[in-house]
Amino acid sequence: MAVHRVAVLALDGVTPLDLAIPTQIFTTRPETPYEMTLCALQPKVATSAGFALLADEGLEQISSADTVIVPGFEPILPLPDAVLETLAGARDRGKRVVSICTGAFALAAAGVLDGLHATTHWKHIDEFERSFPAVSVDRDVLYVDEGDVLTSAGVCCGIDLCLHIVRRDLGAEVANQIARGLVAAPHRDGGQAQYVPAPVAVAGEASLSGTRGWALQRLGEPLTLRVLARHAGLSQRTFMRRFTEETGTTPLQWMLNARLGRARELLETTDRSVEQVARDCGLGTAANLRLHFRRVLDTTPTAYRRTFTRSTSRSPACSPAAPSEEHIVVPGANGRRSRSVSRGGG
């Protein structure tokens, strides 16, 4: 498997958590081809938390990177020409360019996002839209995938975006392995709202995470709203409201995403027939599985299996983008021009 070089560009005032996400996910590990380097304009970089860090390399290292990631930074001030020229150059050379949170301001200032859809932290999204009218802003999404240009919403949405990139590059099994190591959700719908009214259970109310975990162990069973609500000990109406508040999406959409994720893992790691995979993940028939793969992933189960089998040696740098359950593909998209377009609750 060819090495895929990831350059993480730390700008002055970089947000520590935004920086930690890609450096953790794209760190060198046996099951991935990633080789991560921390870059900066100057070796010493001030963070938004008041401490400084030392970068391994300068801007020149970015020219040899396959993927360039810009974490968020504060305050949002004009950036040096050298930074903007470096980012614009990476885009011109066809490299994958990514931002986390307010890092989108850097990409937009460099002209990378002109004519594309993008997102950023909800607190800064009005300012972003005013400052960059050439960018189409998606407000209620976790991230936006435009093929070789990707942007995430606020802070922890960077986890969703980085896992989405791994899933695009290497498949669901590897992405889920990394997610389990992070104790993070392996897949959140990229189209759901970045700000959920009750991300933490209200005092006196039990989180529905137990019911979601229970459901994930029984995806092959007929799990209706009534069954899920009964497990949670709630009325269907209360369950629907609480579920949407906690996850930013509906139980039906969450179950579909989970089942597609399970189907992808089975296609990658087993030789079960498409019909058997459909039954095991709860989608019933091969025809139904193919329908959802075509609608959501813009591919077929058989084509997906060919792309992401364990025996396939491939480099993310030269492989076509493979959409995943985190985003809804625009009709007619071919995997190089796709974006999150669905809207979640909250």
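Author: In this predicted model, Val97 stands opposite Val149 in strand 10, and this pair belongs to a contact in which strand 6, residues 96-99, and strand 10 pair in the parallel sense over 3 bridges. Strand 9 and strand 10 form a hairpin with 3 residues between the strands, where Gly147 takes a positive phi near 90°.

Turning to the side chains of strand 10, which spans residues 149-152, Val149 and Thr151 point one way while Leu150 and Ser152 point the other way, and all of these residues are buried.

As for the backbone, most residues other than glycine have a negative phi, and most peptide bonds are trans. Against that background, Cys101, in the loop between strand 6 and helix 3 (103-109), has a positive phi near 60° although it is a residue other than glycine. Cys101 counts as buried because its relative accessibility is 5%, where the cut-off for buried is under 20%. A further case is the peptide bond from Glu74 to Pro75, which is cis with omega near -5°; Pro75 is found in the loop between strand 5 (67-70) and helix 2 (81-92).

Definitions and conventions: Residues are numbered from 1 along each chain as its sequence is written. This is a predicted model: local features need pLDDT of at least 70, side-chain atom pairs count only at pLDDT 80 or more; totals for chains, interfaces and linings use all residues. Side-chain values use heavy atoms; hydrogens and water are left out. Buried means under 20% relative accessible area, exposed over 50%, partly exposed in between (1.4 Å probe, protein chains only). Helices (H or I, at least four residues) and strands (E, at least two) are DSSP runs, numbered from the N terminus. Two strands pair if DSSP finds at least two bridges between them.
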